[in-house]
2 protein chains.
Amino acid sequence: MSTHTGVGASAINRGQLVDAIRRAGQVSRVELVHRMGSNAATVSTAVRSLIDDGLVVEVGRAASTGGKPAVLLSLVPDSRFALGVSLDHSGISYVVANLGGAVVGRLRRRGAGADTPAAVVERIGTELTSLVTHVGVDPALLLGLGVVSPGPITGSNGMALTPPAMQSWRDFPLAESLEASTGLSVLVENDASAAIVGEYWSGTAGASRTFAALYMGTGIGAGFMVDGIVYRGASGNTGEIGHICIDLDGLPCWCGARGCVETVAAPTALVAAARSRGLPMPGLSVVEDFAALARLSQAGDPVAQELVTRSARAVAAAAQSLANMIDVDLIVLTGPSFTSAGALYLPVIQAHLDTTFFARDCHRVEVVLSPNAADAAAIGAAALVLQSELAPHMAAGAAIDNRGSRRLARQRLQRA
Amino acid sequence: MSTHTGVGASAINRGQLVDAIRRAGQVSRVELVHRMGSNAATVSTAVRSLIDDGLVVEVGRAASTGGKPAVLLSLVPDSRFALGVSLDHSGISYVVANLGGAVVGRLRRRGAGADTPAAVVERIGTELTSLVTHVGVDPALLLGLGVVSPGPITGSNGMALTPPAMQSWRDFPLAESLEASTGLSVLVENDASAAIVGEYWSGTAGASRTFAALYMGTGIGAGFMVDGIVYRGASGNTGEIGHICIDLDGLPCWCGARGCVETVAAPTALVAAARSRGLPMPGLSVVEDFAALARLSQAGDPVAQELVTRSARAVAAAAQSLANMIDVDLIVLTGPSFTSAGALYLPVIQAHLDTTFFARDCHRVEVVLSPNAADAAAIGAAALVLQSELAPHMAAGAAIDNRGSRRLARQRLQRA
């Protein structure tokens, strides 16, 4: 595991320690010292505090290798929980995740649509309470709420530049409102950056150390992870792959640029194009209409096939740009729109990378479809809360750091 | 400073410690503890070993703030040196840098051209010996040689996929040959990744913590730095911004893809286009011919202006893609081709970012022209040697790490 507080610092990141125990299943203190690159005294102290807090238990002894057999440690999965919400105008996903990394409850409800932000926030509070009650989680064990949304986020407001369909959310104090509505500590994150945490948390990335999540909801974004840590850039707004230029003289994009990937490839653009070309769109949310378009394409409709093929080529070119810029060895396709269309996009992206990735003589870039595409962002939001709340004293300001996630509300958890 | 060996590790990165002292000028041990995020005992031990090796001296005492005034430390700039070579078919740059970060000697000679790799390596050995003798550096104080070249590098060979003009270098054992030719320990790096180290080392980046170098030689590349550490990705081949797609249906690129930035914007492509449209090109190296094209453009030649404008627009779109993907707050234009044309490109790139950077409501992306554009890669190569050779015991394998640079030859320095 990596850390960014400097060599010799005496603190240990409790979140990363919990993560190491979770990933190992059962593990000795000696093995943790090795995995954390730490020393015995520091790990012992940190483990003791996790045991005292009921997060970790001793579960037996390892097979002897000559000396005294080592005591094995394991997480108590249901000792803590976090909530994750993925908010989009197309749909709202909710998950309850436990410390063990399992999703113990999930819910999908209609999106923000044209409702006022205040009304949506109130509804989220109600729906969360209903989910927590239904799952039977003790609210006292809830560490907090992670909420993700598309587009840039700012420390003070939540969202800054917002997609056209969510203009009313611009400068809306999302975190403060949700905190007031739920009584929970709230953390705000970009959807793609949260999704990559969700994929890592769920094990989709396997052994890859440097991978990206390509996220398709109504728009397109990406997240990058290096050694289990999200790369967040100067202001937490990395991975805006939907707004890289694939056509110098292309159509204007809502972001102010021209020829962005989203103008050609995003579900919002495809659904609009399909409708203007007379294809029968159900007129539900963008994500559902896009799923209908994917079904038409799979059924052989030539216009649908043309639109989806063009989009897949653009996403493949964007994946090439991403891989050539960041040098990843794995790209996970995730987000609700890949739930319906992932099988159409994956072979196009993989074939394109196999022939165009610049360092292909050094290694391949593998493309996989997430088994959690619909919920990855919400899962990641919950995972970020668990990591963040377990490591509240870590230094802020490290430039590559998921701990930099906007933790706007520091209020301790209360009964919802 | 950040590190990647894990909290609680007892080692300290000597290279980063030297870097901290160099950047501070004069600094106390207490201040170093603070800057390294370390503890007093660890810093004291490391400083003692630097003093014993003659790299650091005590230079006096700070003004008293009540207690006993702290002893100030300073580097001995000329206690160690490193050589840097930037190898391109257009030109070869040589620098001698000292531990203090100063370039104490530099030389520019004709490029690899059509010579065989073996002949070029022999010439590099001769030219280096001549430079070291001329500058009057004791070869016993040389820590090693850093060599940079365009294109992907592999651990075993140096270069893998090579630009068309350097096909004969494909799979040539560059590091081994240079080691045999010079008797020095050799480190190989991509030119753009080295250039960003050179910019950091030279102070161009100022206070920026997350910045990129946009490098233009015969082609176009980029390097990223985060907290003083180069981001190297899965295989050290990040930042291939010349091979991101800016035209889905564009011209085939030598790399195997279509519509790459280099097909529209690279000096190689521009010089070829200028020649085919009848502009008078001197027929020297690509970099010199490109400089002639830039002069024609500045003198008002309409064809030259059209070509340069189109290239600047493409580079600006690439910078937009870079900024939206990596979220940097500074882009430094560097590399030999920006020496001649930087003033034509900078305003176009800055204006484009001001109106298209996705998170522009959060912060600006500033664009500056490097004062060391011609030599930044060679300076960075020398700086990497100084860092690498001062920290020989650091753990390998960290994914973001300039220490991961290919240190192919581990032979200790010998008299050249």
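Me: Why does A:Asp375 count as buried?

Reply: This is a predicted model, and the label comes from a count. A:Asp375 has 28 C-beta neighbours inside 10 Å. The cut-off for buried is 20 or more. The count of 28 meets it, so A:Asp375 is buried.

Me: Where is A:Asp375 placed, and which residues does A:Asp375 touch?

Reply: A:Asp375 lies in the loop between strand S15 (366-369) and helix H12 (376-390) of chain A. Leaving out residues up to four places away in sequence, A:Asp375 touches A:Ser93, A:Val95, A:Val103 and A:Arg106. A:Ala195 is 180 residues away along the chain, with 8.2 Å between the two C-alpha atoms.

Me: What makes A:Ala351 exposed?

Reply: Again, a count. A:Ala351 has 12 other C-beta atoms within 10 Å. Exposed means 12 or fewer. A:Ala351 sits in helix H11 (residues 336-356) of chain A.

Me: Why are S1 and S2 of chain A said to stand at the edges of their sheet?

Reply: Look at the order. Three strands of chain A form an open antiparallel sheet, S1-S3-S2. Strand S1 (27-28) and strand S2 (56-61) each have a single partner strand, so one side of each has no neighbour in the sheet.

Me: How do you know that S1(A) and S3 of chain A pair?

Reply: Pairing needs at least two bridges. S1(A) and strand S3 (residues 71-75) share two bridges, in the antiparallel sense. That meets the cut-off, so they pair. Within S3(A), A:Leu72 stands opposite A:Ser28.

Methods
Residues numbered from 1 in each chain as written. Chains lettered and ligands numbered in written order. Predicted model: local features only at pLDDT ≥ 70, side-chain atom pairs only at ≥ 80, totals over all residues. Helix = DSSP H or I, 4+ residues; strand = E, 2+ residues; numbered from the N terminus. Contact = placed C-beta atoms within 7 Å.
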